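Please open the structure in your viewer and keep the selection tool at hand. The tour goes from one selection to the next and says what is to be found at each stop.

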Amino acid sequence: RMSSKIIKPILKTLYELFEIPDGDTLRLERFDAGVIENFGKKSLFNLKGSKEMEAVSKKLAAFEKIEKVKAPTGLRATLRDYQIEGVSWLEFLRSYGFGGILADDMGLGKTIQTLAHLQAQKEAGRMEGPVLIVAPTSLLGNWRREAAIFTPDLKVAVSHGNGRDKILDNLDTYDLVITTYTLLVNDAARLKEESFYYLILDEAQKIKNSRSQAAQSAKEIQARHYLALTGTPMENHLGELWSIFDLIMPGLLGSSALFKELYQKPIEKEGDSARQQMLNSRINPFMLRRTKEKVAKELPGKTEMIRAVPFENKQAALYETIRVTMEEKVRAVVKEMGLQKSHITILDALLKLRQVCCDPRLLHMEAAQSVQESAKLDALMELVTELLEEKRRILIFSQFTSMLGLIEERLEAEGITYTLLTGSTHNREKVIERFKSGEADIFLISLKAGGVGLNLTEADTVIHYDPWWNPAAQDQATDRAYRIGQTKPVFVYKLIIEKSVEEKIIEMQQSKKALADAIYEGKDEGVEKLDAQQLLRLFDKEERE
């Protein structure tokens with residue numbers, strides 16, 4: 001006769017394993033190793049399995065003490081302590097064949113932790129085949145940019161646009177292949193025939209609906225290891241968490257029906273804390289989440305990030321048409337009048353290119369009005385949605401009041417509370433107080449009206465929608481949040497269109513401060529340091545994949 005001390009953990013374990021098969025045997029998967037100890041004395045059961053299973057069991061039991069790894073030698077960055085812990089956790093998952101969710105808050109470096117882990121695999125000679133990274137279109141440029149900066153040894157291809165077929169035909173020549181959720185569906189027939197070293201899903205909440213085409217296509221991908229990255233693994237209900245785990249660790253949470261019966265319904269409908277604790281115990285080793293508050297001491301006061309967004313087809317075509325036209329016009333004027341007397345023409349040409357980058361509707365041209373897509377506005381809404389999930393308070397700056405109006409429309413359509421400050425705002429104190437009091441989570445501010453004179457330390461996030469404006473004015477705007485009295489780390493996002501004049505301006509700003517003075521302020525000082533060719537290079541064509 002067994003005592004309750006023996007019976008209870010056994011029943012708890014069998015309950016966690018969900019589906020009891022017919023017959024007298026129960027198969028344990030690798031991820032079930034952590035509950036072996038609940039079976040108590042081995043003499044009571046005939047437990048058969050490899051020594052590896054026992055090793056995994058011991059490793060999971062000591063989960064909090066996993067060994068720290070060193071940053072790979074080829075990583076061109078210094079990782080913070082919590083990021084080293086993240087890379088160590090990724091190595092733990094890989095070494096035992098587990099999938100996992102890296103669920104750190106936005107801005108804490110999920111991308112660089114992942115790249116550091118992949119660089120380590122490359123250096124160790126373990127990268128058997130390419131890594132497939134699936135991300136929203138708005139993040140393709142971010143992955144390309146960070147890989148080029150931090151892990152230049154990794155050969156990267158972005159499978160997007162006209163050059164896609166060539167990349168898909170030569171996948172084995174790359175270390176990282178980055179694609180979108182839409183193209184994952186479109187290219188599913190080709191991709192499912194390949195064998196990848198890793199399948200990595202960025203913003204993995206995109207597969208929160210297990211019946212969606214994206215989720216179904218992702219399940220067809222053959223990979224040795226699986227990893228999900230998302231700051232919001234569950235946006236609305238526990239079924240979304242199940243959907244992600246069903247892809248990266250099938251069977252961990254049982255079937256959808258049993259998960260609803262054993263976990264989702266008791267926790268969501270009945271507030272069953274015991275069942276919540278059981279679920280937490282089940283997923284804890286396989287999901288790592290750090291919030292900004294948790295690692296605040298390691299963060300600098302201000303963290304700046306550039307988010308490069310690619311154009312979609314129609315917007316790209318419009319940009320190219322205007323670029324060609326403006327380039328011809330500017331070159332002709334500079335040749336005739338000289339650089340110093342061509343400011344008005346140059347500013348007008350740059351303005352038009354800039355407006356296309358922000359939103360084609362800003363251009364008063366019939367051809368532009370017919371282009372309904374705006375890559376940057378879509379990227380902004382994705383960014384804002386995730387930041388609001390993290391309870392962030394956000395300032396959004398733009399030099400164009402008409403652009404703020406377009407952002408207003410999208411926020412209203414999504415039911416997101418905001419307040420607005422422009423040069424035409426009559427009651428400044430009222431709109432400011434609406435944000436400071438917490439009535440609105442987003443403050444839309446025109447650069448001219450709100451760049452100085454505001455103290456908004458309630459905000460912890462700043463987004464520059466069109467950040468290639470005078471860097472000094474941009475920094476002044478950022479300092480509305482990053483100033484004396486701010487007790488939280490401030491995160492600053494600069495949205496730019498990839499392979500556009502915006503990207504070129506930011507690159508040139510880093511080495512030529514005179515550019516801002518010469519062009520934006522209309523000053524002549526420093527103009528002699530910029531020859532015509534350097535300035536005209538802003539209008540050169542960028543090759544697009």
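Select arginine 434 together with glutamate 439: these two side chains form a salt bridge, with the closest N and O atoms 3.2 Å apart, where a salt bridge is a side-chain nitrogen of Lys or Arg within 4 Å of a carboxyl oxygen of Asp or Glu. Arginine 434 has a relative accessible area of 28% and is therefore partly exposed; on this scale buried means under 20% relative accessible area, exposed over 50%, and partly exposed in between, with a 1.4 Å probe and protein chains only.

This is a predicted model, in which local features need pLDDT of at least 70 and side-chain atom pairs count only at pLDDT 80 or more, whereas totals for chains, interfaces and linings use all residues. Residues are numbered from 1 along each chain as its sequence is written, and side-chain values use heavy atoms, with hydrogens and water left out.

Aspartate 460 sits in the loop between helix H19 (447-450) and strand E12 (461-464), and arginine 392 in the loop between helix H16 (375-389) and strand E9 (394-398), so the pair ties together parts that are 68 residues apart in sequence; helices (H or I, at least four residues) and strands (E, at least two) are DSSP runs, numbered from the N terminus. Aspartate 460 is buried at a relative accessible area of 4%, arginine 392 is buried at 5%, and glutamate 390 is buried as well.

Now widen the selection to Asp105, Arg289, Lys292, Glu293, Glu390, Arg392 and Asp460, which salt bridges with shared partners join into one network. Over the structure, the count comes to 32 salt bridges.

A search of the whole structure finds 0 disulfides.

Finally, show the whole protein chain, which has 23 helices and 13 strands. Buried residues make up 55% of its 545 residues.

Terms used
Disulfide = S-S within 2.5 Å.
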